[in-house]
Amino acid sequence: MSGTPRFLTLADVAEVLNTSSAQVYALVRRGDLPAIKIGGRGQWRVEAAQLEDFIQRMYAETRTFVDEHPYVEAGERPEA
């Protein structure tokens, strides 16, 4: 088995994404980031592969957004 854990805590995911645990929890609860709930206390875990898939989806969504909303310098008019 490799040195990378298969499952990450929400805090681990937050560190990878450089965001808060609350934001990661919101992603999980909305269904944007697949996770499992384990144990009697219901601790959330995100599979490392699911996190990587999520990151790739966000790159794709961002590319689409940028393509559909080109950046225009202040004072410039978009071409018609």
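**Salt bridges, helix and sheet**

Mentor: Let's start with Asp-32, which is partly exposed at a relative accessible area of 34%. Here buried means under 20% relative accessible area, exposed over 50%, and partly exposed in between, with a 1.4 Å probe and protein chains only. Keep in mind that this is a predicted model: local features need pLDDT of at least 70, side-chain atom pairs count only at pLDDT 80 or more, and totals for chains, interfaces and linings use all residues. Residues are numbered from 1 along each chain as its sequence is written, and side-chain values use heavy atoms, with hydrogens and water left out.

Trainee: Which residue does Asp-32 form a salt bridge with?

Mentor: With Arg-30, and the closest N and O atoms are 2.9 Å apart. The criterion is a side-chain nitrogen of Lys or Arg within 4 Å of a carboxyl oxygen of Asp or Glu. Arg-30 itself is exposed, at 52% relative accessibility.

Trainee: How many salt bridges does the whole structure have?

Mentor: Two. Arg-6 and Glu-47 also meet through their side chains, at 2.7 Å from N to O. That pair links distant parts of the chain, 41 residues apart: Arg-6 lies in the segment before β1 (7–8) and Glu-47 in strand β3. Glu-47 is partly exposed, at 22% relative accessibility. Helices (H or I, at least four residues) and strands (E, at least two) are DSSP runs, numbered from the N terminus.

Trainee: Switching to α2, which of its residues are buried?

Mentor: In α2, residues 21–30, the buried ones are Val-24, Leu-27 and Val-28. They share one side of the helix because their arc around the axis is only 95 degrees, taken from the directions from the helix axis to the C-beta atoms. As a rule, an α-helix has 3.6 residues a turn, so residues three or four places apart point the same way.

Trainee: And what's on the other side of α2?

Mentor: Ala-22, Arg-29 and Arg-30, which are exposed there. The buried residues pack against α1 (10–17), β3 (43–47) and α3 (48–68), where contact means heavy atoms within 4.5 Å. Just after α2, Gly-31 has a positive phi of about 90 degrees.

Trainee: OK, the sheet. What's the strand order?

Mentor: β1-β3-β2, an open sheet of three strands with antiparallel pairing. β1 and β2 are at the edges with a single partner strand each, so one side of each has no neighbour in the sheet. Strands pair if DSSP finds at least two bridges between them. β2 and β3 have three bridges, while β1 and β3 are joined by two.

Trainee: Which residues stand opposite β3 residues?

Mentor: Ile-36 faces Arg-45, and Phe-7 faces Glu-47. β2 and β3 also form a hairpin with four residues between them, and Gly-39 in the turn has a positive phi of about 75 degrees.
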